2 protein chains.
Amino acid sequence: MDISHLLTSHAINMQASLVRELLHYSQQPDILSLAGGLPDEKLMPAYPALAQLTDSRQYGASEGEKGLREVIVRLVADRGLHTTLDNILVTNGSQQGLDIISRLTLDESSTILTEQPTYLAACQVFKLQGANIQGVPSDSEGMSVLALRNAIENTNPKAVYLIPNFQNPTGHCYSLKRRQDIAALLDEKGILLIEDDPYRDLCYEKVDLTPITTLLKRAPWLYMGSFSKVLWPGLRTGYVVSCAEFSPHLVKIKQAIDLHTNRLGQNMIAAFVASEMFPAHIVKLQQSYKEKRDAMSKALVAELGEMVEFNTPAGGMFFWLTLPDGVSSKHIMTDALEENVLVLPGIPFFPNRHSQDDAFLRLSFARLSLEEMQRAIHILSNVIRRRMT
Amino acid sequence: MDISHLLTSHAINMQASLVRELLHYSQQPDILSLAGGLPDEKLMPAYPALAQLTDSRQYGASEGEKGLREVIVRLVADRGLHTTLDNILVTNGSQQGLDIISRLTLDESSTILTEQPTYLAACQVFKLQGANIQGVPSDSEGMSVLALRNAIENTNPKAVYLIPNFQNPTGHCYSLKRRQDIAALLDEKGILLIEDDPYRDLCYEKVDLTPITTLLKRAPWLYMGSFSKVLWPGLRTGYVVSCAEFSPHLVKIKQAIDLHTNRLGQNMIAAFVASEMFPAHIVKLQQSYKEKRDAMSKALVAELGEMVEFNTPAGGMFFWLTLPDGVSSKHIMTDALEENVLVLPGIPFFPNRHSQDDAFLRLSFARLSLEEMQRAIHILSNVIRRRMT
């Protein structure tokens with residue numbers, strides 16, 4: 001049966017995420033995966049006992065559980081973002097936050113500016129709305145302010161989408177100066193900021209993490225957070241904080257698309273985050289991931305030396321590796337998979353084609369043990385070496 | 001700050017659901033609510049113990065937990081719908097099923113045919129995609145086949161959306177003959193059937209519940225089910241069964257919009273439905289709701305007699321009341337609310353304006369105790385009487 005006439009043009013154009021496709025491989029027992037964005041399940045706490053939670057069996061509020069929204073108000077206040085319950089929407093992970101924001105603001109007539117490269121699953125939802133995505137170049141301190149100004153003036157965008165802290169895939173972290181300059185530019189131009197901040201708690205160095213949102217004076221904004229990197233991604237719980245004008249519109253879309261987020265998950269997260277266990281848990285995550293990050297950095301230097309380029313990220317889960325001249329990331333992926341090591345080419349993270357988009361690998365240090373990581377990087381280095389000859 | 005230039009035209013046109021707005025009232029302690037679509041929480045079982053469930057903390061599969069999809073394959077096979085794991089997508093309630101289907105098939109160029117009146121939250125997601133909704137008249141056996149044929153020939157629709165069993169809001173249940181005739185017409189015309197079946201287990205009479213989907217020979221179809229009416233709506237878990245051609249497209253959209261449904265909720269539902277407790281639980285629901293339905297029927301006859309028209313529904317949760325000539329449902333809602341009884345006017349359930357759309361009330365018998373229901377209907381009858389004079 002041919003159903004193509006029944007699909008919308010945006011649906012037909014959708015690609016399955018390469019990352020999610022590769023997850024099938026990563027779940028095979030023999031595979032050493034550096035590819036996924038999965039946190040280490042060994043670091044996930046047990047769920048709170050059901051008996052200590054509010055009854056969550058009945059339908060609930062579209063905006064989310066009051067108890068969880070209170071927790072989120074306090075969490076973001078600690079980041080300098082002072083808001084009220086009414087401006088918090090609980091979502092099924094920040095992925096759904098991206099989708100709700102896209103449905104509210106983007107259509108075929110819209111351009112959205114992003115970092116280049118950027119989080120590929122954000123591009124998926126932007127494209128599902130038919131939006132035009134325009135990548136803007138970055139340097140080591142974040143998105144280039146000059147390039148952003150040019151892009152705003154040339155494309156008349158609806159919004160700018162940024163992941164300033166420990167970005168997926170590059171691991172970059174914006175300098176305070178860059179945050180300030182971007183905020184000033186967005187204020188000047190009145191452009192909507194969509195700030196995505198899922199990695200901030202996975203921080204291994206003293207770096208500035210001021211939300212750009214808090215530096216804005218006039219421009220509208222939407223700020224997204226997630227519990228998936230620090231607690232239980234299987235519970236699919238994140239949030240959007242919005243300037244007040246957006247809040248009722250966001251709730252209406254949430255109501256229309258799935259009524260509300262699973263209440264049991266919300267209550268579990270509220271209970272854990274409000275407990276004295278949470279700060280200690282974050283410290284434990286930071287220590288463990290820092291150790292893994294340092295091990296990967298050391299292994300890369302030891303095994304690959306000058307052959308590849310990378311910056312050691314100050315937080316998050318990812319190294320972004322530039323391969324030697326002429327070596328294709330797709331070839332490396334295929335070769336490595338034959339030796340049971342899974343790596344992710346950088347290509348899908350580029351919203352626009354880029355002359356060098358086949359030159360990068362994203363390597364996650366979150367999930368393998370130190371010993372497995374050592375082994376995986378050793379195999380990867382042999383694969384890269386072979387392709388260089 | 002004016003943000004209207006940032007919103008899409010579909011988002012601007014969205015109305016908050018009247019039903020959800022009224023929920024705020026229904027949660028006040030003194031209110032007797034006949035308005036909501038909430039099941040009786042007193043009939044909801046306790047959650048299964050966490051210790052007996054698979055670990056669900058890590059990210060999971062976009063299509064849903066394998067254990068739950070196996071359970072769903074067996075459930076729908078009992079209804080005559082024989083399918084495989086690959087054609088089951090777990091969603092955040094069937095509301096998200098509607099949304100995913102809408103995003104896959106509907107855009108500004110699409111017409112979708114529905115019952116008139118129909119489930120209002122379905123219309124919300126159809127409209128969010130910009131689709132044109134065309135209501136088709138029904139008689140006591142279901143949607144009129146002649147009217148459906150005319151609508152197909154006149155509007156060239158993408159799909160027909162039907163709730164054949166104990167529909168929200170009218171409570172109608174299609175005859176087998178009508179199901180067969182509609183299936184034959186859809187086969188003849190090759191029109192996509194979207195069949196929504198959340199109420200089938202709340203069945204109080206011997207009636208035919210054959211999914212129209214199972215009667216199709218050639219037409220494409222999508223079939224939706226829900227656990228919200230029989231188990232725990234707060235866990236937001238439903239499903240879409242699809243003919244094979246649609247399945248990979250549905251999963252890609254699910255992946256893009258929120259990666260996957262909360263895994264803990266899925267595992268709880270799979271555990272309960274697979275246990276010997278489930279059939280006994282369904283029998284208990286049916287007995288309890290049948291008793292409430294009979295009590296409401298009796299109270300309506302006793303208090304309002306010939307003044308109103310209604311059919312006693314063979315299942316589901318709702319009576320659909322036709323008010324006396326010239327009495328406005330909006331006035332009744334306002335008057336009744338002053339006496340702490342909440343009822344829902346039929347207006348929002350009409351996708352197209354209808355000359356008599358202010359003549360109906362939807363009354364839910366699911367949630368009040370027998371004594372409260374008696375009291376609420378008594379107050380409602382006084383309110384109606386007063387408006388007749």
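1. The unreviewed UniProt entry lists residues 41-379 of chain A as "domain: Aminotransferase class I/classII large". UniProt positions are given here in the numbering of this note, with feature names shortened, and such annotations may be inferred rather than shown by experiment. Helix makes up 39% of the span 41-379 of chain A and strand 15%, and its end C-alpha atoms are 24 Å apart. Helices (H or I, at least four residues) and strands (E, at least two) are DSSP runs numbered from the N terminus.

2. On conventions: the model is predicted, so local features need pLDDT of at least 70 and side-chain atom pairs count only at pLDDT 80 or more, while totals for chains, interfaces and linings use all residues. Residues are numbered from 1 along each chain as its sequence is written, chains are lettered from A and ligands numbered from 1 in the order in which they are written, and side-chain values use heavy atoms, with hydrogens and water left out.

3. In total, 73 residues of chain A are in contact (heavy atoms within 4.5 Å) with 73 residues of chain B. The two chains bury about 6,500 Å² between them, with 58% of it on carbon and sulfur atoms. Buried area is the accessible area (1.4 Å probe) lost by two parts on being put together, summed over both.

4. Which polar features cross the interface of chain A and chain B? There are two salt bridges by the rule (a side-chain nitrogen of Lys or Arg within 4 Å of a carboxyl oxygen of Asp or Glu). Arg103(B) and Asp99(A) meet in a salt bridge of 2.7 Å, N to O.

5. On the side of chain A that touches chain B, the elements giving two or more residues are helix 4 (93-105), helix 5 (120-128), helix 8 (247-258) and helix 9 (263-274) of chain A. Helix 8 of chain A gives the largest share, seven residues.

6. Ser102(B) is in helix 4 (residues 93-105) of chain B. Its relative accessibility is 0%, so Ser102(B) counts as buried (under 20% relative accessible area; exposed is over 50%, partly exposed in between; 1.4 Å probe, protein chains only). Not counting residues up to four places away in sequence, Ser102(B) touches Val125(B), Phe126(B) and Gln129(B).

7. Thr312(B) sits in the loop between helix 10 (277-304) and strand 11 (318-322) of chain B. With a relative accessible area of 38%, Thr312(B) is partly exposed. The side chains of Thr312(B) and Ser297(B) are joined by a polar contact of 3.1 Å.

8. Ser328(B) belongs to the loop between strand 11 and helix 11 (329-338) of chain B. Ser328(B) is buried, at a relative accessible area of 11%. The side chain of Ser328(B) reaches the backbone nitrogen of Lys330(B) at 3.2 Å.

Conventions. Polar contact = N/O pair within 3.5 Å; in protein donor to acceptor, adjacent residues only side chain to side chain.
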